[in-house]
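Visitor: I'm new to this one. Can you walk me through some of its parts?
Guide: Happy to. Here it is.

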Amino acid sequence: MLVSKPWVRALVRLAVTAPAWSTGAQVTSDSGAVRPVDALVIRVVDVVGQPMPQVEVSIVGSNRSGRTDDRGIWRTVDPPPGPRVVMARSIGYVPYSRELLIGNGARDTITLLLRRFPRTLTTIEVQARTRVMTSRVNDVAERLLQMRVGSGRLFTREEILQMRPYSVAELVYGVPGVNIRRGQSEIVATSTRAGVGIMNVEGQACQLQFYLDSTPIDNEGVVVLDPTTFRSVEVYPQTVQLTGLAMRPDRCGAIVINSMRQR
């Protein structure tokens, strides 16, 4: 049937040439080129599929960013076309990123899934740390028992806080059998009981070895230590072998500094 009336022909032309109104779909022109979507919708959910509000969402490398609404949705109009990376972040969750190509006919609604950061240590890690701490406690207990039957001095944390010394030298000063000297760059402790070391020659001064927990430290490293951070200090003027400590053969004794935070 031929359409003869002018107003009918106009309606037909309007229906044929009318643009495709964007509802988030891609549009293909007569030349076959794909137009970018008019809006990019990001939906953020947790591992059980529940929407996540107030999640920070952004298109990396652009100024497009915002937060999801109560439905877990973030929407941006006229997103930059081409290959892009969309990222979602929230406190307590592992950041999630996804690559997408805007304007190639792909879906304009993307779902991102956020997982919580792990909050607990594995059983193996807890047991390992427990064994290490138990071993250190046993070593200290054996050394203190040796101190009771021999010679030495133990400074508890209560005593250290009461004395409030400025340095290890001030704390240890006056302990029988120990001569301690503080210089600008080091603290040196020597035994006044000559001839007690394995390789010491009688009549010559013999140095004590400093330890921070169970790690040997040199005389220069003692200067920077703050006594208010010590849990306790063990002083052994002439003991050669101490449980849990690697003693040097040219040292006569030891000063063991137990820190508040065991390493």
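This is a predicted model: local features need pLDDT of at least 70, side-chain atom pairs count only at pLDDT 80 or more; totals for chains, interfaces and linings use all residues.

Visitor: In what order do the strands of the four-stranded open sheet come?
Guide: The order is β5-β4-β7-β9, and the pairing is antiparallel. Strands here are DSSP runs of E, at least two residues long, numbered from the N terminus. Two strands pair if DSSP finds at least two bridges between them.

Visitor: Which strands are at the edges?
Guide: β5 (65–67) and β9 (96–102). Each of these pairs on one side only. From one strand to the next, the twist averages 20°. Angles are taken between N-to-C directions of axes, on a scale from 0 to 180 degrees, and the axes are lines fitted to C-alpha atoms.

Visitor: How many bridges link β7 and β9?
Guide: Seven, in the antiparallel sense. Strand β7 covers residues 82–89.

Visitor: OK, new topic. What is the order in the open sheet of three strands?
Guide: β6-β3-β10, with mixed pairing. The edges are β6 (73–77) and β10 (109–113), each pairing on one side only. Here, too, the twist averages 20° from one strand to the next.

Visitor: Which way does β3 pair with β10, parallel or antiparallel?
Guide: Parallel, over five bridges. β3 spans residues 39–45. R43 is opposite T111 of β10, and V45 has L113 as its bridge partner there.

Visitor: And how many bridges join β3 to β6?
Guide: Five, and these two strands run antiparallel. L40 faces T76 in β6.

Visitor: Why is β3 largely enclosed?
Guide: Because six of its seven residues are buried. Buried means under 20% relative accessible area, with a 1.4 Å probe and protein chains only.

Visitor: Let's jump to S232. Where is it?
Guide: In strand β17, residues 230–236. S232 has 13% relative accessibility, so it counts as buried.

Visitor: What does the side chain of S232 join up with?
Guide: The side chain of N258, through a polar contact of 2.9 Å. A polar contact is a pair of N or O atoms within 3.5 Å, where one must be able to donate a hydrogen and the other to accept it.

Visitor: Which other residues does S232 touch?
Guide: Setting aside neighbours within four places in sequence, its contacts (heavy atoms within 4.5 Å) include L154, F155, I160 and V256.

Technical notes
Residues are numbered from 1 along each chain as its sequence is written. Side-chain values use heavy atoms; hydrogens and water are left out. Buried means under 20% relative accessible area, exposed over 50%, partly exposed in between (1.4 Å probe, protein chains only).
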